[in-house]
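The sequence and model are shown first.

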Amino acid sequence: MANAVQKITLSPSRDIPFNKLVLAQTNVRRIKAGVSIEDLTGSIARRGLIQSIHVRPVLDAEGKETGMFEVPAGGRRYRALEMLINQKRLAKTAAVPCVVSNSTGPILAQEISLAENIEHAPLHPLDQYRAFKDMLDKGMSEEEIAAAFFISTYVVKQRLKLTAVSPALLDVYAEDGMTIAQLEAFSVSNDPVRQEQVWEAIKNSWSKEPYQIRRMLTENTVRASDKRAVFVGIESYEAAGGEVLRDLFQSDDGGWLQDVPLLERLVAEKLQMTADEIANEGWKWIEVAVSFPYGVTDGLRELEGMPIDLTDEEQATLDALRDEFNKLQAQYEEADELSDEIEQRFGEIETAIKSLEARPVRFDPAEIARAGVFVSVDADGMTLVERAFVKPEDEAPATPEDRIDSGAEGAGLSATGSLQRAVITTGGQPADTEDDEEDGIKPLPDRLIAELTADRTLALRDKLASDPATAFLAVLHKFVRDVFSRYSAQGVAMEVFVRGTVFPVQSEGLRDTIYARSVQARHEGWDRRLPSDVADLWDALAALTDTEQAELFAHCASFGVNALYERADRYGNGAISVHGVRQRLLDADHLVRAVGLDMTDAGWRPTVGNYLGRVTKARILEAVREGAGERASQLIDHLKKSDMAKEAERLLADTGWLPEPLRVVELAVEAGDPNAGEDEALPEFLAAANDVALADQEEEQLDAAE
């Protein structure tokens, strides 16, 4: 006969007055963790005691029950009830639901306490998300959900954001097929089809990092920090029907604008509106573009205008702002730290003062009729209007028919008195797209080298302009080479006559770099100080202090810096020979060392546009290997070139890595060695490019001979 299965008996439950309970010393929880006692108190006040307290009768010396009960499991609930009593929100004799176990049984109180804590299974995050979603669907707001669980509204938004993830991917996560970080990355996009496509593309790859998922989901979007997005404004973009993707799980710098064609249309429309308004001023032409290349005004004459005086009301406002600024400065001069309100007020005053001091300028109406305007977006996303530039072909005196009628007043009036309407041209710098999927360390393209050395030249100008001693030495070096016949004057980096080198080839965005803006600001500062009439220039220069003269000398000398690479003609038929290019870069290298130029410190960073998207995969991997290490290069070596370039940009962002043309040129032999071959003395990237140039020239000669 089979033995009967012994039935277990559960401990009985009963309500016990709180003042009959005492906290047992056998409770294993010693360290505070999880929900705070204060939050648990709030939960009990809102929802009541959800889980009973486990207690045991307290026995006297003879083993008899005393009427008191100790609490080995449920100490946090006990303390929360105690806090409610101390707050006068609960009576001391309030009945507490308890499970009463046997004090004399074989199970230790410590075992019960430990079991209760370690057998508790935390809620799966997906279950929490679904519960929040159910409560939201049943009428609770995000704020009410947050208040009910003593968490921030932002946390609730994060959990609810997972509603944007495809149900198929949620199932993968529920089955531990992906991590919570990966799931969070998918919530960046609201397109479940695209999410599933990305997962299919990476699920069998050993590299499934969240950053890679985010990049793939946002690769055809525009950052909210992009100057085009700032220019239009997120509110205007969304009002036009545009969608902004947001990442609630890590900093997203404002998110990503998904509808790029819409953004570009809004940018063009806003620029056109500005151009239409300016056209009413009577200018001959207006050029409109998101950005113009550095040096776009080279060769154009800038008109001299007369600033319009402040009105009495404006002057009074300016005086009041300056007084307030001075008082605040004196009041908080000794303060170690300013409050947010005071800092904000300082900023408001400074902005208002700058706005009043930046006076509009009045130009000669006859000059307006032949001059034009550039309208673009600056690096900060603000409208940039550059007025009053005259093209060389418009410098010829106007015919009597074209002249402004002497009786007509106002800018740009024709002989009939009607307002001249500007010709508005919309355009920009064409993008240089290359998609070379070939492997191997190929020579850098000539155009890329030229663009990189344009950055280096401009940064070197900026650095030299702030170093008068080195500027003097550089000019002296050029003078000695010019005067003493034993020195060759070809291939120098200082052209002191000073004609200023233009950049026919340059990277997009050169105009917005830190060094370009620094050069421009310095030049405009001196331009305002110098007299408009050349007859007054000598006296104005003589009146400067020694320090000011040195600073102006360095600024002017810096415009002679030419560290540009250009494809040379080995046979001397071009503007410069291979030897001249080599000598120029060597000369520039001396300047770089003298002023301590580091292109990383100057603000240059490798990006898809300025380098990584323009070279072969092998060069991309070489750059990552040099800048971020072998392990980093292995993380991306399986990617397509376009994806590899984007990941390389992220990996190299803070490494300080520079491509060869931006490093200090290291020559294999000394410059003056007459026995040195040209290619031996060239840096590696130029020697390779020179080989290509020679091969092209030899092929041209063979074709001509045939």
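The numbered points take up the basis of the model, the strands and a helix in turn.

1. The model is predicted: local features need pLDDT of at least 70, side-chain atom pairs count only at pLDDT 80 or more, and totals for chains, interfaces and linings use all residues. Residues are numbered from 1 along each chain as its sequence is written, and side-chain values use heavy atoms, with hydrogens and water left out.

2. Helices (H or I, at least four residues) and strands (E, at least two) are DSSP runs, numbered from the N terminus. Two strands pair if DSSP finds at least two bridges between them.

3. Strand 4 (residues 65-73) pairs with strand 2 (residues 21-23) in the parallel sense over 3 bridges. Within this pairing, Val-71 of strand 4 is the bridge partner of Leu-23.

4. Strand 4 also pairs with strand 3 (residues 53-59), here in the antiparallel sense over 4 bridges. Glu-65 in strand 4 stands opposite Leu-59. The hairpin of strand 3 and strand 4 has 5 residues between the strands, and Gly-63 takes a positive phi near 85° in this hairpin.

5. Strand 9 (residues 285-288) pairs in the parallel sense with strand 13 (residues 372-377) over 4 bridges; Trp-285 has Gly-372 of strand 13 as its bridge partner. Strand 9 also runs parallel to strand 15 (residues 423-426), joined by 4 bridges, and Thr-426 in strand 15 is the bridge partner of Val-288.

6. Helix 21 (residues 546-558) has 13 residues and reaches 18 Å from first to last C-alpha, close to the 18 Å expected at 1.5 Å a residue. The expected span is 1.5 Å times one less than the number of residues. Buried residues (under 20% relative accessible area, 1.4 Å probe, protein chains only) in helix 21 include Glu-548, Leu-552 and His-555.

Methods. Buried < 20%, exposed > 50% of the residue type's maximum accessible area, 1.4 Å probe, protein only.
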